[in-house]
Amino acid sequence: LGIGLAATNPRRASNWNLLLALLGFVVYYNFINLSQVWVSGGRLGIGADRAEALFQEAERMASAVQDPRLHALLLAGYGAVKGLGQGVVEEYADLARRAIALADRADDPELQVVMGTNGYAFFLIGAFQEGLRVVDRAIELAANDPRMGGEMPVVACPYALCHAQKGFLLSELGELQAADRW
């Protein structure tokens, strides 16, 4: 759409570029909707059984190479798939707990800050105090450094996400004045 709009003057009486840009947008938008229907209908993507088998294999590989970052990111990522993609939020929280424990045992502050972003898993199951402890620990470890953990392939600024999560966890706990600061 942007190319068509930038290539012409929209005030001209004859404006084929604008019409082609509009047509391109309509095709793109319909393709997005069609893809969503395919995914929700199970025609596109992998089934839950296949995803579980791939996770089990990946977890065995991560354990074999003894890389705590890889293993913790795998646990947290698959937990998000289970919780957000399949609605199994209790399993999301369990996998998040395992990932957080692994990061703690590794004594890797950057990994611990990244794992703090799993506070959302605890929000989803109503374990607000547990979620608050997780994000508070991550915020403490980041020591006001917004770059802490940012190079890991999860979120650009885990520190900022932990602050946001702290705000909504506090609001769920009824601590609105404290939440207002975050």
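Modeller: Angles between helix axes run from 0 to 180 degrees between N-to-C directions. The structure shown is a predicted model, and its protein chain has ten helices and zero strands.

Biologist: Why are helix 3 and helix 4 called roughly antiparallel?

Modeller: The axes of helix 3 (residues 48–65) and helix 4 (residues 68–86) cross at roughly 165° and come within 9 Å. Angles over 145 degrees count as roughly antiparallel, and helix 3 and helix 4 are therefore described in that way. Their crossing is left-handed.

Biologist: Why is Arg-147 called exposed, whereas its salt-bridge partner Asp-145 is called partly exposed?

Modeller: Exposed means over 50% relative accessible area, buried means under 20%, and partly exposed lies in between. Arg-147 has 65% and is therefore exposed; Asp-145 has 23% and is therefore partly exposed. The closest N and O atoms of this pair are 3.2 Å apart.

Biologist: How do you know that Tyr-29 is partly exposed?

Modeller: The relative accessible area of Tyr-29 is 46%, which falls between the limits of 20% and 50%. Tyr-29 lies in helix 2 (residues 16–40) and contributes to a nonpolar surface patch of about 760 Å², with Phe-25 and Ile-32 among the other members.

Terms used
Residues numbered from 1 in each chain as written. Predicted model: local features only at pLDDT ≥ 70, side-chain atom pairs only at ≥ 80, totals over all residues. Heavy atoms only, no water. Patch = residues over 30% accessible without salt bridge, like charges linked within 9 Å, V, L, I, M, F, W, Y side chains within 5 Å. Areas by Shrake-Rupley, 256 points an atom, 1.4 Å probe, with all protein chains shown as cover. Salt bridge = Lys/Arg side-chain N within 4 Å of Asp/Glu carboxyl O. Helix = DSSP H or I, 4+ residues; strand = E, 2+ residues; numbered from the N terminus. Buried < 20%, exposed > 50% of the residue type's maximum accessible area, 1.4 Å probe, protein only. Parallel < 35°, antiparallel > 145°, perpendicular 65-115°, else oblique. Left-handed = near helix turned anticlockwise from the far one by under 90°.
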